[in-house]
Amino acid sequence: MSADPASVPLLSDVLADWLRAAFRRALPPAADDYASIGVVSTTNPEFGDYQCNAAMALAKALKQPPRQLAQAVLDQAGPHPAVERTALAGPGFINITVRADAIIDLAQAQGRDAALGVPPVGRGQTVVLDYSSPNVAKPMHIGHIRSTIIGGALDRLHRALGYRVVADNHIGDWGTQFGILIRGYRQFVDEAALREQPVEELERLYVKSYEQSQADPAWLDACRQELVKLQSGDPENLRLWEQFVQWSMAEFERVYRRLGVSFDLVRGESHYNVKLPGVLATLEQHGLVKESEGAQVVFLEEEKLPVCIVRKRDGGFNYATTDLATVASRVEEFHPAKIVYVTDERQQLHFRQLFAICRRLGITTALDHVWFGLMRLPEGTFSTRQGNVIRLERLLDEAEQRALAIVQAASPTMDPATQRDVARAVGIGAVKYADLSQNPQTQITFSWDKALALDGNSGPYLQYAYARIASVQDKYAERYPGQDPGAFPLQLTEPIERVLALKVTQFPEAILRAAELYRPSVVADYLYDVAQTYSSFYQNVPFLKAPDGVRESRVRLCGLVARVLRTGLDLLGIETPDRI
RNA sequence: GCGCCUGUAGCUCAAUUGGAUAGAGCAUCAGCCUCCGAAGCUGAGGGUUGUGAGUUCGAUUCUCGCCAGGCGCACCA
């Protein structure tokens, strides 16, 4: 077993290096040294396996005919051990067909590598990943799932690439809502309901108190009083607050366990309270703070951004200040290469302001905001006050229930405990995949049927493909006891085997690209493509019944596909049971 | 009013960041289980990529205008 993943090169890198060298020989020196020259998979199999489009782009800059330029590059390229043939096509495409034994060598090397060829590009670097971050005293509803699921996937992807990830759940446990909540608690609490479902009761209290505060100025004032008491350390209000946080955390933990998400840190906003005056002082030292309409603000005219309030007129701090304190604290404690926030689209402006201020403070850590579109219902956005929220736990229950019905129908002989276990993995997998398989930056209109899809491009489709392979491997072991297909060479006799093996070797590229773009959907798309190709292979090419040697090669290829599916789905946080 | 985002098959989404004939799933229709798992496979129909211009060898992708929708824009987070 090779322990060094660097021993498995990426085919696209190898080919790009080869052509880049040829470009350098064929063309005058360029400022960027042709660093951007790369190859991509062809759009159509008739063009070969990879294509390079750089000649046409460069032709424009160099004022040469693109075909002539591409030809010059090909003349300079010479033969390459991995390349079967090249072709010049169209206005200047360079098409590359890879040698089958190069694919075989790569796939076999990948199979020997524990990381399946995924390079540890993040080794030695730390990433702080801020995701999920729900608010205390509100049940998690389906609007919260995206940050949690997408963030969780980005977390795993970065770890797979060798980054040290600090997953930080920045709980919303502080702020003006607690005045409203405490006042509501004192007046309206239903102790029985609180014992039964504490978070739902807290939400009810908040909504009721909020409504009253809108109608009744005296009530609003009373809420403010409670907040002031809390912030000044009143023991009774602090005790209540701590209790609210505890109840909420218990509910969050329950959901996280079901979703298979865990954090390295759970630090609420309250954690940074003591640092807020220091943040303001630092801003003042940098001459960034001005007074405006009674508040302390930072003007961001150079960045063409609206003014950012860092201290309210009443002397209280707000979220911008808290987030600044959080950045400073994370930089100091973890020395991260980057800090990444996963939130919904509504916070874009806030983070642009935050990052601008950080830059003015001389913070050089890369700061990225990964935003995703809001989850909506067909009739509009969610609103606690409209009472149209769908609780996350209900979604997960429903998912498992629907999956169970199908498992029971499809596998009646499976024992009930296993059926439930499989239904859990399939149901949760379906929900996660429905979210992860699409570009985060589109808004999702929630529908039960879509979130819980069990066929077509869905989580269960991938799980099914995996389970079929597991079954094939079992059958093989039964019929050929003690024989290891991995000891036989891969051979790519059918065209679809070649396609499948090539796709398998592209697994690392999908992981790299997904992490770089912060888009788990790249992995989902890739895996679906692999599973589709596999299913076609499975249906149309016999393998247990194939001749000696060919059979072993095919079972071995099945094994590689299985590892790609299992590893890839694991990175998306989706389980792969052997039987579904 | 200003800013950010979105508009692709009846529906839900892709399209390797400017590449070749725009691809999948769902739905519809037609086939495939005495054969390795039919949650599957094979095939068919379905498109003026919101719209009008521009940039160039080449535009779903870039620029500008317009139309439609979403979100945000001073003391909530």
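## Lining of the second largest pocket

The residues that line the second largest pocket divide into 13 nonpolar, eight polar and 11 charged, where Ala, Val, Leu, Ile, Met, Phe, Trp, Tyr, Cys and Pro count as nonpolar, Asp, Glu, Lys and Arg as charged, and the others, Gly among them, as polar. This is a predicted model, in which local features need pLDDT of at least 70 and side-chain atom pairs count only at pLDDT 80 or more, while totals for chains, interfaces and linings use all residues. Residues are numbered from 1 along each chain as its sequence is written, and side-chain values use heavy atoms, with hydrogens and water left out.

The space in this pocket comes to about 920 Å³; a pocket is an open set of points on a 1 Å grid where a 1.4 Å probe fits, with protein on both sides within 12 Å along at least five of seven lines, and lining residues have an atom within 4 Å of a point. Of the 32 lining residues, Val40, Ser41, Tyr50, Gln506 and Asp529 are the closest to the centre.

The lining draws at least three residues from each of domain 1 (5–98) and domain 2 (392–571), bounds that come from an automatic or database domain assignment. Between them the two domains bury about 540 Å², 47% of it on carbon and sulfur atoms, buried area being the accessible area (1.4 Å probe) lost on putting two parts together, summed over both. On the side of domain 1, Leu10, Asp49 and Tyr50 lose the most area to domain 2, together 63% of what that side buries.

Terms used
Chains are lettered from A and ligands numbered from 1 in the order in which they are written. Grid points are joined across faces, edges and corners, and a volume is the space filled by probe spheres set on the points.
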